Amino acid sequence: MGQLVAIVGRPNVGKSTLFNRLTKTRTAIVDPTAGTTRDRQYGKVDWNGKEFSIVDTGGWVVNSDDIFESEINKQVNLAIEQADEILFVVDAMNGVTDLDDHVAEILRKSRKPVILVANKVDSNEWVYNIAEFYALGLGDPYPVSAVNGYGTGDLLDEVVAKLPDVDADGEQLDDIPRFAIVGRPNAGKSSLINAFIGEDRHIVTDIAGTTRDSIYTRYDKFGFNFYLVDTAGIRKKNKVNEDIEYYSVIRSIRAIESSDVCILMIDATRGIEAQDVNIFSIIQRNKKGLVVVVNKWDLVEEKSTAAIKHYEAAIRERFAPFTDFPIIFTSALTKQRIYKVVETAVAVFENRRRTVPTSQLNNVMQEEIAAFPPPSNKGKFVKIKYITMLKGAQVPTFVFFCNLPQWVKEPYRRYLENKIREHWDFTGTPVNIFMRDK
C-alpha cells in the first residue's frame with residue numbers, strides 16, 4: 001500500500017502552506033484566519049525517487065467558539081490513526097503553547113513516527129528560538145519556512161528516511177497483477193466482482209456506502225491470475241460525515257496507490273459527474289492503468305451505436321488530455337460483457353510492461369521527428385539525437401536526448417507521446433516523456 005504522512009498541529013501554524021510547498025500545488029487554502037482548513041486535503045509528494053501521500057488536517061482546537069471544533073478534532077485523530085508518519089507543525093515565532101502540549105501528548109501515545117517541524121523560521125535569527133520545543137519530548141525540531149522553502153529539503157530527507165519499508169497494514173500479497181474496482185458509491189463495484197467470481201461474496205444493496213473496506217479477491221479462472229480489489233465508493237468530502245466512512249475513503253485511495261490497473265465504474269443512469277473526474281485525477285496522479293466501465297447499461301433506453309459514441313466522446317472530453325483508454329459498456333446484473341472487462345484489464349497491465357527495442361524506437365521516432373521537428377527558439381534549433389526506453393520503470397518511460405532539453409515545451413512532448421501511441425500499443429497506461437541533455 002502507499003505510505004501516508006499526516007500534517008497536524010494547532011491552528012495557524014502554517015500546515016496548509018507546508019502542504020502546498022511539499023506537494024508543489026496550491027490545493028490547500030491559506031489564510032491568516034485561524035481555522036481556515038476544516039477538511040482534509042490529499043496530495044502526492046515525490047522526493048529523490050521516493051513517492052508518498054500526504055494529508056493536511058484542520059488545526060487542533062479546544063474550548064473554542066468554532067462550531068466545527070469537534071469535527072476538526074475528530075478528523076485530526078483519524079488522520080493520526082491512519083498515517084504511517086506524522087509531521088507535527090509548531091510556530092517558531094510564538095513558541096510552545098498549551099495546545100502544542102496537548103497535541104504532543106496525543107502524538108506520544110500514538111506510537112507513530114513523529115517529526116517535529118518548527119515553521120516560520122523565515123530568517124536565521126529565528127533558528128535560535130526553536131530550542132524550547134525540545135520540551136515537547138518529540139525529538140529534534142526541524143527549522144523550516146513553508147513560505148520561502150527554507151529547510152524543506154532536509155525535512156523531506158528525514159521524512160523519507162523514517163517511512164516504513166512495508167505498508168502500515170503489513171499486507172504481503174503475491175507478485176501478481178492487482179486490479180482495483182473504483183468509483184462513486186452505488187456504481188455497481190461489488191456487483192461486478194460478484195459477477196466475475198460467480199458467487200455473492202460481497203454484500204450488494206441499493207444503499208450507497210455498503211462496502212466499507214478494501215477487499216482483495218483472488219481470481220484464477222480461464223487462464224487468468226490476479227487480485228480484484230473492491231473498494232468503498234469515494235464521495236465528495238462534504239458528504240463524508242462518518243468516522244468509518246473516512247477510513248473507507250482513505251483505504252480506497254491507498255488501494256488505488258497499490259494497484260496496477262484501476263477499473264473505474266461509471267453509472268450509466270447518472271452519466272459523468274464531477275466526482276468521477278476527481279477519482280480519475282487520483283488514478284492519473286498515481287500513474288495507474290485505466291479501464292473505464294460504464295455499468296447499468298441495461299437500464300439505458302437508448303442503446304444505439306450513435307448513443308454509445310456520444311457517451312464515449314463525453315467521457316474522453318471530461319478526462320482530457322489523457323484519452324487513450326478503453327471504455328466498456330456493461331451490466332453487472334445481466335453479466336453483459338463482463339468477461340471483456342477482465343480481458344481488457346489484463347491487456348492494459350501488459351501494455352504497462354511493454355518494452356520497445358532501442359533500435360526500433362530510434363528508427364521510427366527519428367522519422368517522426370524529422371517530419372515535424374521541435375519549434376526553433378531565438379534562432380536556435382533543438383536536435384534530438386537519441387531515444388531510449390527506461391527499463392524497470394513503473395510506467396512506460398521514454399528519454400529523448402537532445403542539445404537544448406529546456407526548450408522542448410509541453411505541446412511537443414504531447415506530439416511525441418501521440419506518435420509513440422500510434423506505433424505501439426500503450427492503451428490505458430500513462431506514458432512519461434523526459435528530455436535530457438546529450
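**Where two helices meet**

Select V364, M365, E368 and I369 in helix 10, and then Y412, Y415, L416, K419, I420 and H423 in helix 11, which these residues meet, contact being heavy atoms within 4.5 Å. By class, this contact of helix 10 with helix 11 holds seven nonpolar, one polar and two charged residues. This is a predicted model, in which local features need pLDDT of at least 70 and side-chain atom pairs count only at pLDDT 80 or more, whereas totals for chains, interfaces and linings use all residues. Residues are numbered from 1 along each chain as its sequence is written, and side-chain values use heavy atoms, with hydrogens and water left out.

Now widen the selection to residues 358-371 for helix 10 and residues 410-423 for helix 11, which pack at an angle of about 135° with their axes 11 Å apart; the axes are lines fitted to C-alpha atoms over the stretch in contact, and angles run from 0 to 180 degrees between N-to-C directions.

**Cysteines and the whole chain**

Next select C262, which is buried with a relative accessible area of 0%, and then C402, buried with a relative accessible area of 0%; buried means under 20% relative accessible area with a 1.4 Å probe, protein chains only. Finally, select the protein chain, where buried residues make up 52% of the 438 residues.

Note on methods: Buried means under 20% relative accessible area, exposed over 50%, partly exposed in between (1.4 Å probe, protein chains only). Helices (H or I, at least four residues) and strands (E, at least two) are DSSP runs, numbered from the N terminus. Ala, Val, Leu, Ile, Met, Phe, Trp, Tyr, Cys and Pro count as nonpolar, Asp, Glu, Lys and Arg as charged, and the others, Gly among them, as polar.
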